[in-house]
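Colleague: Please take a close look at a single side chain in this model. I would like its contacts and its setting.

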Amino acid sequence: MKNREYLNDYKLGDDGKYAYAGSYYTYGGGKDFKEIRKTLIIYISILILAVIGSGCINGAGMNNSFYVILPFIFEVGCLFFLSWNVIRLLHEGENIKEYIYLAVIKKIPNSAKPMVLFSIIGAVMSLVYIFVHLSEGAVGFADFLYPLFKTITAFITVYFIKYYNTIEIAKK
């Protein structure tokens, strides 16, 4: 749908209020909406904790190495778009308005896949930092936690994508 074309689907009712009269999509495949919602919220919550947690690590690599910080910034952006679109999808409940469905259905995996890539790049770059600075004694315990958090983020995001691909949404 083009920008604001969905407004044509809202019709003025007898009570003077506008009501959506367009098509709806609904969850199928034998999965209950409450189960889907709970699972997606758990995945997003873990991802938020892992990404924000890695940003709170006060390692030397995070303080002064652009090649460690830059993938983190892109990862946070991907997490924002992923979370925003999952919330938009879940906010609709069991019946999803067509324009919401069409707006978010491709954006969710399109923001999750780069997040995996940026997590892996962040882990690799932090390991590069560790190996370069190990002989200087400038590497602490926190520097080893960062690649761990990035690896966790990458794995959780891959499992999120696999779960998301199993959700069946069909036109009502």
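Modeller: Start with the polar contact of 2.4 Å that joins the side chains of Glu 75 and Lys 150. A polar contact here is a pair of N or O atoms within 3.5 Å; within protein, one must be able to donate a hydrogen and the other to accept it, and residues adjacent in sequence count only if both atoms are side-chain atoms. The model is predicted: local features need pLDDT of at least 70, side-chain atom pairs count only at pLDDT 80 or more, and totals for chains, interfaces and linings use all residues. Residues are numbered from 1 along each chain as its sequence is written, and side-chain values use heavy atoms, with hydrogens and water left out.

Glu 75 sits in helix H3, residues 66–91. Helices are DSSP runs of H or I with at least four residues, strands are E runs of at least two, and both are numbered from the N terminus. Glu 75 is buried, at a relative accessible area of 0%. Buried means under 20% (1.4 Å probe, protein chains only).

What does Glu 75 touch, leaving out residues up to four places away in sequence? The partners are Val 51, Met 115, Phe 118, Ser 119, Lys 150 and Thr 153. Contact means heavy atoms within 4.5 Å. Val 124 lies 49 residues from Glu 75 in sequence and 14 Å away in space, C-alpha to C-alpha.

Now the wider setting. The protein has six helices and five strands. Their order along the sequence is β-β-β-α-α-α-β-α-α-α-β. Buried residues make up 41% of the 172 residues.

Conventions:
Buried < 20%, exposed > 50% of the residue type's maximum accessible area, 1.4 Å probe, protein only.
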